[in-house]
Amino acid sequence: MTKEPRVWQRMLSGRRLDLLNPSPLDVELDDIAHGLARVARWNGQTVGDHIFSVAQHSLLVEAIAEHLNPEMSRAWRLAVLLHDAPEYVIGDIISPFKAVIGDAYKVIEERLLAAIHLHFGLSPEPAILLKRFIKRADRQAAYLEATHLAGFAREEAIRIFGRPEPLPRSVAALVEPWPIEVAQRRYHERVAVLHADSSG
């Protein structure tokens, strides 16, 4: 008799998250913040004493998005901040590896994001306009990370991520990697604030 494969992950909160059928009830901010603060961008191939975590990347993307569109709603800000939240379960799959494995991972990623969105009171499927806006801010963040942390020359980064837009120093300063506990705390606090404001 063949044993069924385990398709759920036990979280530190005690939740058991099913990857094939994730429930919003099994999503916890504590788990997301803890996981994302420990997932390294660029497969850890960055300079500095600390990893550049997905939690810090998400805060950088939100800061860029706020600069690009200061009038965006709290719900949009929250969606921007949660754009990579599924990676607390599946990790940060770098773009070259995505090109190798194809789109198989996307179904799982989309299901997880839908469950996360529902947990935080957002639409399970972001609007096309919002997706495009997140992508724009995400590519700006990737350019900054690539040139400041990951060893990319400016011309190479422009070819891959597009020409950077002018950003204030306060935003660019967010590229300096934080210790894990700082990234976890700041991410947790920011999501909690936006969630309270968008649902209040």
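This passage describes the overall architecture of a predicted model and then one of its aromatic pairs.

The secondary structure of the protein comprises ten helices and two strands, and these elements follow one another along the sequence in the order β-β-α-α-α-α-α-α-α-α-α-α. Among the contacts that join residues at least 6 apart in sequence, 67% link residues at least 24 apart.

Of the 200 residues, 42% are counted as buried, while the accessible surface amounts to about 10900 Å², with 53% of this area belonging to carbon and sulfur atoms. The side chains include 24 positive and 26 negative groups, and the centres of these two sets are separated by 2 Å.

Four aromatic pairs are present in the structure. In the pair formed by W42 and F161, the ring centres lie 6.0 Å apart and the planes meet at 85 degrees, so the arrangement is edge-to-face. Because W42 is located in the loop between α1 (29-36) and α2 (54-68), whereas F161 belongs to helix α8 (residues 154-161), the pair ties together parts of the protein that are 119 residues apart in sequence. Both W42 and F161 are buried, and together with F152 these two residues form one aromatic cluster.

Note on methods: Residues are numbered from 1 along each chain as its sequence is written. This is a predicted model: local features need pLDDT of at least 70, side-chain atom pairs count only at pLDDT 80 or more; totals for chains, interfaces and linings use all residues. Side-chain values use heavy atoms; hydrogens and water are left out. Helices (H or I, at least four residues) and strands (E, at least two) are DSSP runs, numbered from the N terminus. Buried means under 20% relative accessible area, exposed over 50%, partly exposed in between (1.4 Å probe, protein chains only). Contact means heavy atoms within 4.5 Å. Accessible areas come from the Shrake-Rupley method with a 1.4 Å probe; for residues, only the protein chains shown count as cover. Lys and Arg count as positive and Asp and Glu as negative; His and the chain ends are not counted. The place of a charge is taken as NZ of Lys, CZ of Arg, CG of Asp or CD of Glu. Rings of Phe, Tyr and Trp (its six-membered ring) pair if their centres lie within 6.5 Å; planes under 30 degrees apart count as stacked, over 60 as edge-to-face and the rest as tilted.
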